[in-house]
Amino acid sequence: MPQDNAVNDATSTREADVIVLGMGPGGESVAGTLADAGLDVVGIDERLVGGECPYYGCIPSKMLIRAANALSEARRVNDLAGSSSVEPDLGPVALRIREEATDYWDDRVAVERFESKGGRFIRGTGTLVGTDAVQVGGVPLTARKAVVIATGTAPAVPPIPGLAETPFWTNRDIFAVEEPPRSLAILGGGAIGVELAQAFARFGSEVTVIEAADRILAADEPEASRIVAQALERDGVSICAGAPAQEVSHDGSVFTISLPDRMVTAERLLVAAGRTTRLDELGAASIGVDPGSRYLPTDGTLRVTEGVWALGDVTGKGAFTHMSMYQAGIVIQDILGQGPRPAEYHAVPRVTFTDPESAAVGLTEQQAREQGLRLRVGVARVPSTARGWIHKSGNEGVIKLIEDADAGVLVGATSVGPHGGEVLGALAVAVHARVPVAALRGMIWAYPTFHRGIEDALRHLHDE
Ligand SMILES: Cc1cc2nc3c(=O)[nH]c(=O)nc-3n(C[C@H](O)[C@H](O)[C@H](O)COP(=O)(O)OP(=O)(O)OC[C@H]3O[C@@H](n4cnc5c(N)ncnc54)[C@H](O)[C@@H]3O)c2cc1C
Ligand SMILES: NC(=O)c1ccc[n+]([C@@H]2O[C@H](COP(=O)([O-])OP(=O)(O)OC[C@H]3O[C@@H](n4cnc5c(N)ncnc54)[C@H](O)[C@@H]3O)[C@@H](O)[C@H]2O)c1
């Protein structure tokens, strides 16, 4: 990573129109667009311009998954088209992550792109010291027009006895790996945990997922959790659910994780147990926010208070790159006085890139019930659809629809299956635009696509 260099030319003028604190996907977008629009913008980041997604998150993980899925598809030849034997090698994708995705974790290109628009970049840790002021490297900077907080999240490390003293990995370490570990324990069966569990298992690691909740992907529909758990187990992953880790130790070569009813040992341990926003360290109190809060509270146009906007993971509206970019668009329009439409969160799409992909939009059945809605629920099993049956090997999946029966619109949907994230596209439109279920039923659904399974699920909608 480039060296910390807080005191540089960027601070020579200690005022700017806009200060952007955190240059992840959302912050970089706001800073670059406003600089392009002619505003004097200072962007600050303590790590890499681009943030979590390109260097430690979405992009390297999806490259790894693409490679791991190629192995799995090749193995399916044995079911469908003859015989194949596969010898996994992490080398090519590890190289791709270093060279193509992260430029060896160097953000020179991104910094130059911002500076070429007239932006001033400071590498350092910024602290809020008022609604128009940020301090970085001991230097106070003042914003004439706006402070934008886009500081994202960092990996949370649960206070499990012994854990902090061990050489565990987080998502900030694992993508630099050039060989799969012989065995890998993963603390947390959320999106990061399950995606990486399956990918490393496909490259030959012996993987154990340790999840405190009673199921992996606990925020998703139970049907989705079940199908993904079965898929992981078929790949050889052991899942310990309902198993909060009680103690962790490392003897110099092996991790031991004590669970209530057993011990797990592994060569490596990945902690993927959620994220933290560190609002106290950020100086949230200086803008009137309780530093004990988990997220920064925002209104419809992402204002925290007069002159201060926040966007991305730090707002708690969904820790996704697409959320950060969506909110960035609103912040940009608001700062430029273009009267943006307020943010809407009723149709937040999310895709966990396991094989099968597990995708969802809007409310789960349980969330809809908690809102007191009268529901109709419709389920179609992907293997029973025409395309799922044709697909055969690797066809596990489900499409589940949640209808607000009084409004006659879908308020939530889940699509698990091959290309489940792509199938979600149609469902996201339906939930976002509140397309009447009657209109969806009247559509022509191309045969034999995976998305035609939505028509089957619509037919199965029934009162709960
Ligand atoms: C392994 C993994 C896989 C993921 N996969 C996906 C995916 O497939 N799809 C998807 O949509 N999302 C995915 N995500 C989530 C996605 O990466 C985040 O939602 C997204 O990066 C958030 O963007 P952001 O703009 O809020 O901030 P971030 O990307 O978190 O960037 C914040 C920046 O602020 C900087 N910063 C923080 N505090 C300070 C400070 N005090 N001073 C200076 N700088 C500071 C940080 O260094 C960082 O560069 C994944 C995440 C992980 C970890
Ligand atoms: N494909 C995607 O869009 C994608 C992929 C990866 C990450 N992300 C984003 O990144 C965020 C963070 O991912 P994550 O997987 O770290 O968080 P997460 O919140 O999704 O899952 C963390 C899991 O760890 C478990 N856990 C917490 N403490 C534990 C303990 N002591 N012992 C055992 N289990 C414990 C929790 O119960 C939870 O299931 C996600 O919420 C998601 O928004 C998105």
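UniProt positions are given here in the numbering used for this model, with feature names shortened, and such annotations may be inferred rather than shown by experiment. Residues are numbered from 1 along each chain as written, with chains lettered from A and ligands numbered from 1 in the order in which they are written. This is a predicted model: local features need pLDDT of at least 70, side-chain atom pairs count only at pLDDT 80 or more, and totals for chains, interfaces and linings use all residues.

**Whole protein**

Start with everything shown as cartoon. You have 15 helices and 23 strands. These are DSSP runs numbered from the N terminus: helices are H or I of at least four residues, strands are E of at least two. The radius of gyration is 23 Å, close to the 23 Å that the globule rule gives for 464 residues, so the protein is as compact as a globular protein of that length. That radius is taken over C-alpha atoms, and the rule is 2.2 Å times the number of residues to the power 0.38. Along the principal axes, the C-alpha atoms fill a box of roughly 65 × 60 × 40 Å.

Colour by burial next. Of the 464 residues, 48% count as buried. Buried takes 20 or more other C-beta atoms within 10 Å of a residue's own, exposed 12 or fewer, and partly exposed lies in between; C-beta atoms are placed from the backbone.

**UniProt binding-site positions**

Select Lys 62, Gly 126 and Asp 313, which an unreviewed UniProt entry lists under "binding site". They span 252 residues in sequence and the farthest two C-alpha atoms are 30.3 Å apart, so they do not all gather at one spot.

Zoom to Lys 62, in helix H3 (residues 58-80). Lys 62 is partly exposed, with 15 other C-beta atoms within 10 Å. Move on to Gly 126 in strand S4 (residues 126-128). Gly 126 is buried, with 26 C-beta neighbours inside 10 Å. Leaving aside neighbours within four places in sequence, Gly 126 is in contact (C-beta atoms, placed from the backbone, within 7 Å) with Leu 21, Ile 44, Val 134, Gln 135 and Val 136.

**Ligand 1**

Select ligand 1 and its shell, the residues whose C-beta atom, placed from the backbone, lies within 6 Å. The shell holds 37 residues; the closest are Gly 22, Gly 24, Gly 51, Gly 152 and Gly 312. Elements that each supply at least two residues include H1, H3 and H10. The shell divides into 14 nonpolar, 17 polar and six charged residues. Here Ala, Val, Leu, Ile, Met, Phe, Trp, Tyr, Cys and Pro count as nonpolar, Asp, Glu, Lys and Arg as charged, and the others, Gly among them, as polar.

**Helix H10**

Follow H10, residues 321-335. Gly 337 follows H10, with a positive phi near 70 degrees.

**Ligand 2**

Now select ligand 2. Its shell has 27 residues, the closest being Gly 188, Gly 190, Ala 191, Ile 192 and Ala 319. Helix H7 gives the largest share, four residues. The count is 17 nonpolar, six polar and four charged.

**Last stop**

Select residues 348-456, which the unreviewed UniProt entry annotates as "domain: Pyridine nucleotide-disulphide oxidoreductase dimerisation". The span is 31% helix and 30% strand, and its end C-alpha atoms lie 23 Å apart.

Key. Expected span 1.5 Å × (residues − 1). Contact = placed C-beta atoms within 7 Å.
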